[in-house]
Amino acid sequence: TLIVCALPIETQNQLEDYDVLYTGVGKVNATLKLARKFGKLGSYIPYNLVINYGTAGSQHRRYNKGDLVDCTRFVQRDMDVSGLGFKLGQTPFEEDVPIIIQSESEFNPVGKRVLCGSGDSFVQEKTIGDVVDMEAYALAKVCKLYDVPFISFKYITDDADGDAGGDWEENVGKGIVKFKEEILCEL
């Protein structure tokens with residue numbers, strides 16, 4: 001199992017016993033780092049599962065700060081080419097990847113099956129997704145294209161509103177204990 005996180009601050013350096021890849025923030029960094037990791041391995045990728053752990057904001061206050069949720073559906077909340085007749089979240093002229101990517105992972109000890117809207121902006125107003133982050137869609141897409149099962153677990157740090165920045169800074173490192181207790185102990 002490969003665990004993929006954006007930033008070490010999210011894990012508080014408590015995953016030293018696991019194979020962890022830190023990507024940096026955003027869809028481009030996530031795509032680049034995971035694709036490079038898979039590319040270095042050649043035609044054989046030794047992972048039967050990629051788990052993304054990180055933080056997210058909750059849309060519509062559906063989940064509370066401090067909740068750990070499983071994301072099994074992923075959409076690009078900032079892909080908007082509706083001016084050319086495409087649906088919000090749809091990448092133009094791309095036929096092999098659906099607008100919403102579904103998790104292929106059988107591993108899921110949480111079972112809420114949340115829709116995660118990923119985009120390259122820190123959300124402070126309503127957008128696509130039950131929860132919002134900046135990397136999960138990109139990671140899900142790379143895993144789909146490499147045929148590696150993927151699932152994401154997000155610790156809710158904020159309500160994706162005007163207070164999101166301060167709430168994220170206050171809560172960013174708090175979820176790692178829950179992740180270890182509820183997810184990693186099940187591997």
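**Around aspartate 130**

Leaving out residues up to four places away in sequence, aspartate 130 touches Gly57, Ser58, Gln59, Arg62, Tyr63, Arg73, Val114 and Leu115, where touching, or contact, means heavy atoms within 4.5 Å. The model is a predicted one, in which local features need pLDDT of at least 70 and side-chain atom pairs count only at pLDDT 80 or more, while totals for chains, interfaces and linings use all residues. Residues are numbered from 1 along each chain as its sequence is written, and side-chain values use heavy atoms, with hydrogens and water left out.

Aspartate 130 is placed in the loop between β6 and β7; helices (H or I, at least four residues) and strands (E, at least two) are DSSP runs, numbered from the N terminus. With a relative accessibility of 13%, aspartate 130 counts as buried, a word that stands for under 20% relative accessible area, whereas exposed stands for over 50% and partly exposed for what lies in between (1.4 Å probe, protein chains only). Its side chain meets that of arginine 62 in a salt bridge (3.0 Å, N to O), that is, a side-chain nitrogen of Lys or Arg within 4 Å of a carboxyl oxygen of Asp or Glu. Because arginine 62 lies in the loop between β3 and β4 and aspartate 130 in the loop between β6 and β7 (131–133), this pair ties together parts that are 68 residues apart in sequence.

**Other salt bridges**

By this rule there are nine salt bridges in the count. One of them joins the side chains of aspartate 161 and arginine 61 (3.5 Å, N to O), and it links distant parts of the chain, with aspartate 161 in the loop between β8 and α4 (164–171) and arginine 61 in the loop between β3 and β4, 100 residues apart. Aspartate 161 counts as buried at 16% relative accessibility, whereas arginine 61 counts as exposed at 55%. Arg61 and Asp161 also belong, together with Asp159, to a network of salt bridges.

Another salt bridge is formed by the side chains of aspartate 19 and lysine 37 (3.9 Å, N to O), a pair that links strand β2 (residues 19–22), which holds aspartate 19, with helix α2, which holds lysine 37, 18 residues apart. Aspartate 19 is partly exposed at 31% relative accessibility, and lysine 37 is partly exposed with a relative accessible area of 23%.

**The nonpolar cores**

A nonpolar core is a set of buried Ala, Val, Leu, Ile, Met, Phe, Trp, Tyr and Cys residues joined through side-chain atoms within 4.5 Å. The largest such core has 29 residues, and those with the most contacts inside it are Leu2, Leu34, Phe38, Val50, Phe74 and Val131. Two or more residues come from each of β1 (2–5), α2 (27–40), β3 (50–58), β4 (68–76), β6 (114–118), α3 (136–146) and β8 (150–158), and α3 gives the most, with seven residues. Apart from this core lies another, of 15 residues, among them Ile3, Cys5, Ile151 and Leu184.

Helix α3 is itself mostly covered, since eight of its eleven residues are buried, including Tyr137, Leu139 and Lys141. Just after α3, aspartate 147 takes a positive phi of about 60°. Valine 131, leaving aside its neighbours within four places in sequence, is in contact with residues that include Ala56, Tyr63, Val69, Cys71, Cys116 and Ile156.
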